[in-house]
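Q: I would like to learn how to read a protein structure. Please take me through the features one at a time.

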Amino acid sequence: MRRMSKDTIFQSEGAARVSFRFDDAVARVFPDMINRSVPGYAASLDGIALIAHQSIRPEGRAYDLGCTLGAATLSMAQGIGQRPAQLVGIDLSEPMIARCQADQRFQELAQQVHFHTADITEFDYESADLVVLNYTLQFLAPEQRAPLLEKLYQCLNPGGVLVLAEKFHFEEQGVADRLTRLHFDFKRAHHYSDLEIAGKRSALENVLITDTRETHAQRLESAGFEDVVLWHSAINFGAFLACKPDA
Ligand code: GEK
């Protein structure tokens, strides 16, 4: 079993005063951090394996955008098994991509898997059957989101699909408060202290900017996607599936 380094970043009060960055310190503890912070993270990865199995064709291509340490890339690889296809992971963070490239699991998949350090808003995409944004769009500036989705719609083959997993906010105050409390309790149940929870929240301010589920669905439809559906939901996190119609 792979050893997972424990996330203690926000145990020091100073960490809260600096904006959150996907740097080497975060790269070292990222699997522990995301599993203890994002309700349903493992379930979204399991779903991505199933969606990859259904949607990536032989000789096809799929992108994992904001791949971090490649968890969704690995799910896609599990989903397609021996099927010949190209899986492309892209992230802006050099420490993350360096770890992906050094990861033994990906070295064994060198025929299928490739990683790039790049900005997903500027990347020159080739045609693809599947694009995954697993908790990544929320880190882009709001004005970059619709143009990226439009670009991804263009690169998808007819019948191709987009997976968009995000943290959501809720307009109705009662619902918002209740789900925020549940999320905090989720973190406490995973042994984060109140100091750590408050520290991360402060560091993420203006870095992770959430939208409502309605904004996401409308934005996907405006980009041309059809059959937009929330296929996964856990507290205030969830994932959409959006399809490009067959020609
Ligand atoms: C997972 N998908 O484990 N271009 C490229 N990468 C970016 C950009 C950008 N413009 N902006 C942010 N990122 C992963 C989890 S984490 C989510 C995704 C989280 C990258 C950033 O460097 C980071 O690695 C990732 O998006 C977001 O399935 O930490 O909550």
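A: We can begin with contacts, meaning heavy atoms within 4.5 Å. Not counting residues up to four places away in sequence, A118 touches I90, D91, L92 and F123. This is a predicted model, in which local features need pLDDT of at least 70 and side-chain atom pairs count only at pLDDT 80 or more, while totals for chains, interfaces and linings use all residues. Residues are numbered from 1 along each chain as its sequence is written, and side-chain values use heavy atoms, with hydrogens and water left out.

Q: Is A118 buried or exposed?

A: Buried means under 20% relative accessible area, exposed over 50%, and partly exposed in between (1.4 Å probe, protein chains only). A118 has a relative accessible area of 17%, so A118 is buried. A118 is found in the loop between β3 and β4; strands (E, at least two residues) and helices (H or I, at least four) are DSSP runs, numbered from the N terminus.

Q: Which residue makes a polar contact with T121 through its side chain?

A: A polar contact is a pair of N or O atoms within 3.5 Å; within protein, one must be able to donate a hydrogen and the other to accept it, and residues adjacent in sequence count only if both atoms are side-chain atoms. The side chains of T121 and D119 are joined by such a contact of 2.7 Å. T121 lies in the loop between β3 (113-117) and β4 (128-134). Leaving out residues up to four places away in sequence, T121 touches L140, Q144, L148 and K151.

Q: Where is R219, and what does its side chain contact?

A: R219 belongs to helix α9 (residues 213-222). Its side chain makes a polar contact of 3.0 Å with the side chain of D211. With 14% relative accessibility, R219 counts as buried. Among the residues that R219 touches, not counting those up to four places away in sequence, are L137, R145 and A146.

Q: Why is strand β7 largely enclosed by the rest of the structure?

A: In a regular strand the side chains alternate between the two faces of the sheet. Strand β7 (residues 237-243) has seven of its seven residues buried, so the strand is largely enclosed by the rest of the structure. F237, A239, L241 and C243 are buried on one side, and G238, F240 and A242 on the other.

Q: Which strands pair with β7?

A: Two strands pair if DSSP finds at least two bridges between them. Strand β5 (residues 156-167) runs antiparallel to β7, with seven bridges joining them. Strand β6 (residues 226-234) is also antiparallel to β7, joined by six bridges. In β7, C243 is the bridge partner of V161 and of E226. The hairpin of β6 and β7 has two residues between the strands, and I235 there takes a positive phi near 55°.

Q: How many cavities of 30 Å³ or more does the structure hold, and what lines the largest cavity?

A: On a 1 Å grid over the protein atoms alone, a cavity is a set of points where a 1.4 Å probe fits but cannot get out; lining residues have an atom within 4 Å of a point. Grid points are joined across faces, edges and corners, and a volume is the space filled by probe spheres set on the points. The structure holds one cavity of 30 Å³ or more. The largest cavity has a volume of about 40 Å³, and its lining is made of D7, F10, S37, K187, Y192, E196, I197 and K200. Helix α8 (residues 194-204) gives the most to this lining, with three residues.

Definitions and conventions: 1 Å grid on protein atoms, 1.4 Å probe; cavity = no way out; pocket = protein on both sides within 12 Å on 5 of 7 lines; lining within 4 Å.
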